[in-house]
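Q: Please take a close look at one helix in this model. Is it enclosed or open, and what else goes with it?

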Amino acid sequence: TLTSTLTSTTRRQHALQRTAPEETVTSSFGRFIQGVQPSHLSPKVIQRSKRMVTTEVFDLALQHCQHMYAPDDISFVYGRNGTKLSPTLAAFVNGVAVHSMDFDDTWHPATHPSGAVLPALLAISDMLPKNSKPRGVDLLLAFNVGIEIQGRLLRFSNEARNIPKRFHPPTVVGTMGSAAACARLLSLDPTQCSNALAIAASLSGAPMANAATQSKPLHIGNASRLGLEAALLASRGLEASPLILDAVPGVAGFSAFYEDYAPQPLPSPEEVEMHSFLLEEQDMAFKRFPAHLGMHWVADAAATVHKALMDLPIRSISPNMVQDILLRVPHSKYINRPYPESEHQARHSFQFNACTALLDGEVTVQSFQNEAVLRPELYELLSRVRVEHPQDNPANFNRMYAEVEVTLVSGDVFRGRCDTFYGHWRNPLSEESLKKKFRNNAGAVLTPDRVDALVQAVDELEYLDDCTPLLTPLQ
Amino acid sequence: MRNPNSSVTESFGAAVSSLNAAHLTDGVIRRSKRMMLDTLGVGLLGTSSPVFNVVLQHGKMYQSKENSSVWGRPGTFLPPYYAAFVNGVAVHSMDFDDTWHPATHPSGAVLPALLALAETLHSKPSGLELLLAFNVGLEVQGRLLRFSKQAHNIPKRFHPPAVVGVMGSAAATAKLLGLSPTQSMAAMAIACSSAGAPMANAATQTKPLHLGNAARRGLEASQLALLGLEGNKQILDLESGFGVFYQDYIPQHLAEVTPNGHYRWVLEDQDIAFKRFPAHLGMHWVADAAVNVRTQILTEDPNADLRQIKRITLRVPSSRYIDRPIPDTEHQARHSFQFNCCSALLDGEVTVDSFSSKMMNRKSLRELLHKVHLENPEDNPASFEKMYCEIMVEMARGETHTARCNTFYGHWRKPLSQEHLVRKFKTNASTVLTSGAADGIVQIIENLEKIPDCSVLGSYMQFHKHVTQREQSYYSASV
């Protein structure tokens, strides 16, 4: 039962009293996770986080649950035979679904925060008995704790501000965020919360080389499930390093994942009148099509050129017209792919997304299907692409831009530039656009009444006495 | 002729897939069987630890159709992923398992995964197949460790079993599953996304999970690869791949494997260290030197009162996580130069019992701890291949005694005799198993190449001395 899960086993290995805990960065995080209250959530944070909840597990997990269980596709399910998946495996599967098409939200400093957190929270909610489901506001708070912790950790390193090169950020901070969120929803005490973070640190970190491969979605799935596991283990009394977030010379903790690491303690919620959640100051980017965030700049820039070309008398674009395509983008090896060979690679290719948008005027979910990827006219365009990395174009989602310059055979040159794509935090998706994205995605696998029920449940989330209205349409 | 364009990753995939029993040399067989025996013994002892209990309770949440034995718990079975996890935790729960050079604990990441997997396969693997897969798991770890100079020193950043251990587990289980070269590569690529845990959790209760996690996540990687999941095909070649765990990373191709040719295993050239007591390897130098000093003191004066020691100077390599003047927990004590020095001085040896709370809290020990001063001489590098320990004890009346240990008994330069290794196993195993079962396991390992079904080991590992067959149902996993 949950009660026995929550009772921490007392360890009396030794009679020695521990010295009173000094204030460390690690313990400040533990106290925050346990101490923060729904009253600390500002309206803006509530609104922004609900938007994140909408586009996450609901649309993608549902769409992909079918995909995952189809006979000729990969199924990561263990122990089925009619039984429900264990919570961590449910978190895993759903987390994989969320990131399977690289369609999920992106923050600054760069990570995909929601996919690591929401699946785990939903899994816990499913796990709880019918009359003990969390209130909507509890779920929302735990979600925000998970996001906040990720944001705070990302600010401990300057390295984190740029497009990553070594460790894939969701596997570094995502696991920690999941652990924090789950610890919160499970009502662990401050020490258990700190331990959850420390246990999670030993489950963090995956190399960038697996981005743009089929394994990338597992990064989010694993972050979600392993963070949940860490919280469950902590609830049983497992202990780990009390200094995991602190900088200890000679022994790396969370600092192992960064070259430069300068941690700061979190202010205690009691000390500060209104804890300022990072989501208040730094909004989220939502993608309009399922590809790496960087692709959205080139797509918007290329779409401008497409529109200009369509205004010409010919009103069509054929590769024969095009002599040269120049892309001016930031330098980032894993999204610079001249000839992508798989859908995963295509989602991580400046060249592919630029040419698709040039041809079609937009990039959509369908753009990554085989027929579209293998189009001969696309290949023709790809062979005309050159890439430049201007000095003033940093590999940083807050400051980068994309320029697409198309030179026609006739000698005419058409240029498009995008500084801020629609959906970026500086130019957020409207409520209408966001809901439309949700309905398109969720509608692929759910009946219309369930889709409506979910939209309504999220809309009213903070007022729900019981989050069952959110869970039921998903089952 | 190897294709010059093939990547390092491909060479690993090919090796994992192509190595066969004929490639196992006598030396490698002998050494790896010693490792298996030792691992099973420390694992059994570890099933009595609190951390094992925590993870077992956790594992019981899960069910599946196919299940594998939990060591030391008759009638308790878990899905292979979780059996590998809890048994791996048991192996490292007391830091009693084997240590290699460059530093890692290779067996605990591999054997639990292999045995858990073996039990669920429809066609049970033979002892020889187990032996081969085990060695593949070791070999991959040994090769990967040699891709970085940084790996040759006592680690500061990532705990090595969490880095190479999961890769070894993936390789070993891929071997047992008979994966193709491409699938074996994929298994390692997938496993790479599960690698790495920070050193800060060493000397805590979470450290054993590093081995448990390596075992289970490597197994999972192989299972996912079998289902067709792919990762980066150049995972071992790229700085942004496996290279992320090191500052200096220079991967090398594995030698080509020909069906009837010779293969040079790392284990052939580099033997392994077995611990005589459950503590970090560095403690073994300290204990041997301390016992030596104690003998000197008592030889001079058989009635010497060790509480009359005025000052102890320990000359050891500089390594923050094993420098703990006053450890609070058993985990910290296993990672404390000072604690092991004082235990050995007082008792003439360090044993399993030295880390019990009763022994840890002795007044005489606590007092002695306050007299220890650590020095880190320049010529004492933080490397298990090159370090030494020197102890100088100053008595109340002013006389001093000094002893130095360059190579402790059990180190690869001075290996445990077979008799002592078996004795260690039996002492450990008999805390949990019947003596018949313990003897049985010794026999099985000794004759492993001829055993037709290696999964019998799992059954033996459950022959609890206090629980008869009839009572087994009380211990069944319940969700």
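A: Helix α13 (residues 350-360) of chain A is largely enclosed by the rest of the structure, because ten of its eleven residues are buried. Buried means under 20% relative accessible area, exposed means over 50%, and partly exposed lies in between (1.4 Å probe, protein chains only). Helices (H or I, at least four residues) and strands (E, at least two) are DSSP runs numbered from the N terminus. The model is predicted: local features need pLDDT of at least 70 and side-chain atom pairs pLDDT 80 or more, while totals for chains, interfaces and linings use all residues. Residues are numbered from 1 along each chain as written, chains are lettered from A and ligands numbered from 1 in written order, and side-chain values use heavy atoms, without hydrogens or water.

Among the buried residues of α13(A) are A:F350, A:N353, A:C355 and A:L359. Just after the helix, A:G361 takes a positive phi of about 85°.

A nonpolar core is a set of buried Ala, Val, Leu, Ile, Met, Phe, Trp, Tyr and Cys residues joined through side-chain atoms within 4.5 Å. The largest has 264 residues, and B:F242 and B:I391 have the most contacts inside it. Apart from that core lies another, of 49 residues, which includes A:C355 and A:L359 along with A:M321 and A:V329.

Elsewhere in chain A, the side chains of A:E403 and A:R328 form a salt bridge (2.6 Å, N to O), that is, a Lys or Arg side-chain nitrogen within 4 Å of an Asp or Glu carboxyl oxygen. A:E403 lies in strand β3 (residues 402-408) and A:R328 in strand β1 (residues 322-328), so the pair ties together parts 75 residues apart in sequence. Both residues are buried.
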